[in-house]
Amino acid sequence: IMSTSSVLVIGAGPSGLSVLSAFNDASKQGHSLPKIVCYERAADPLGLWKYNWKTGTDEHGLPVHESQYKYLWANGPKESIEFPDYTYMDHFGRNTPSFPPRKAISDYLKGKLINEKNLNFINFNTYVKYVKFNDDKHVFEVRSMNVDTKEERFECFDYVVVATGHFSTPNIPDFEGMATFPGSIIHSHNFRDARVYTGKRVLIIGAGYSGDDITMQIMKFGAKSATVSYRTKPRKYNWPSPEIDERPLVESVKGKCVSFIDGSSREYDDIILCTGYLHDFPFLERNLHLETTNTFYPPLYKGVVWINNPHLLYMGMQNQFYTFSMFYVQGIFVKDVVLGNIKLPEASAMVADMNEWISSLNKCTVDTALIDFQTDYLEDISKQVNLPYNLSFAKQFHEYFATRQVELATYRDKAYISIFNKELALLPTTPWWKSMNESMEAFVHNDQSLCDN
């Protein structure tokens with residue numbers, strides 16, 4: 001069937017590129033494609049999975065999107081973040097350890113997602129300024145701008161896919177007296193190099209995954225001490241250093257002295273806010289705006305479809321245990337909705353389905369239950385698109401989680417089995433805590449003496 005519709009994908013990170021790949025795969029199978037355009041604000045693809053030394057605003061006066069930092073290593077096994085039709089073994093041509101550094105993950109993503117056909121869809125350096133829906137014409141009206149030339153363009157699209165991610169607009173808390181603190185205060189979004197904190201006493205506000213990892217990073221590279229301030233309960237890890245402690249929420253700040261709600265206080269040289277991110281879509285008119293916290297089931301049908309207007313589709317807006325494999329199947333789901341392979345039910349049925357999932361989510365009181373919840377979601381959306389793969393990594397995720405809860409310094413030293421090629425990964429020759437070399441060569445050859453050329 002010849003399609004005459006048009007699709008705009010906003011963002012060329014892993015989720016947006018997964019949509020483009022799904023359309024390209026459909027084309028290879030003989031399907032006629034609609035007009036597909038992807039607008040990417042940056043000069044190159046991959047979104048969060050590329051390193052940018054800049055923080056704050058970029059050369060165009062726009063907020064820097066990237067959050068990646070030096071010496072960042074995967075905090076989940078690579079076997080949980082691989083595409084079913086393109087494993088890490090396929091990419092590197094050899095077996096490797098389970099926890100890659102950032103450069104190896106970026107290289108893997110390039111191998112899967114960056115190809116001529118995908119790139120042909122993308123207009124780089126293109127900033128989407130505004131998207132609104134014209135009810136009379138039943139189209140999205142889109143205003144965009146080339147960030148280099150400042151030339152603006154006005155176009156209409158039948159479908160809009162929002163793939164801009166939700167880990168780039170920092171959530172910034174405010175505590176009494178913060179302005180009096182003489183040291184640096186940054187959000188983890190602007191954290192770039194742990195070596196900046198060598199010899200420093202650092203307060204980490206936020207005890208989530210980024211708080212854990214940045215605490216470990218700064219101590220690994222020589223910080224004098226680190227305090228993790230938690231909001232609800234202490235993590236109680238077996239920390240690798242006696243110079244790491246946990247304290248409850250900050251009450252106030254007076255100069256270098258920080259007071260906590262348990263009555264304790266301590267002096268610090270620097271503060272890092274690991275307080276999460278906001279779902280932020282400044283380019284969307286308000287009635288198209290996804291309003292959600294970082295939850296495992298945002299208010300969308302099948303976690304993707306904007307129910308009030310099913311021609312608006314959101315990619316990767318969930319909190320995540322699964323990442324690339326989830327984007328992979330969501331991308332196929334988007335493609336099937338656009339091509340008419342999936343017939344969406346009436347709005348009332350979509351709301352009922354969504355509410356059932358949210359009700360199940362509300363019964364999950366521990367992280368292990370959330371693993372099973374997101375596994376069930378992947379199974380559900382996989383059935384929708386008749387996916388020939390089983391994406392469940394639940395058993396290994398439970399093993400990983402149990403290990404991570406006990407030993408934050410050594411959980412990356414374990415090996416996991418790929419669910420797609422059944423190969424057990426290599427054990428790293430150098431423990432992560434002692435590994436100061438983030439080069440891809442060192443990872444691929446499992447030899448810390450090697451460096452990238």
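A: Two strands pair if DSSP finds at least two bridges between them. Helices (H or I, at least four residues) and strands (E, at least two) are DSSP runs, numbered from the N terminus. This is a predicted model: local features need pLDDT of at least 70, side-chain atom pairs count only at pLDDT 80 or more, and totals for chains, interfaces and linings use all residues. Residues are numbered from 1 along each chain as its sequence is written, and side-chain values use heavy atoms, leaving out hydrogens and water.

Q: How do strand E9 and strand E15 pair?

A: Strand E9 (residues 201-205) and strand E15 (residues 270-273) are parallel, over 4 bridges.

Q: Which residue in E15 is the bridge partner of Val202?

A: Asp270.

Q: What is the strand order in the open sheet?

A: E8-E15-E9-E10-E11, so 5 strands, with parallel pairing.

Q: And which are the edge strands?

A: Strand E8 (184-187) and strand E11 (244-247), each pairing on one side only.

Q: Switching to Ser80. Where is Ser80 found?

A: In the loop between strand E2 (35-39) and helix H2 (88-92).

Q: What does Ser80 touch?

A: Ser325, Phe393 and Phe397, leaving aside residues up to four places away in sequence. Contact means heavy atoms within 4.5 Å.

Q: How far is Ser80 from Ile419?

A: Their C-alpha atoms are 8.4 Å apart, though 339 residues separate them along the chain.
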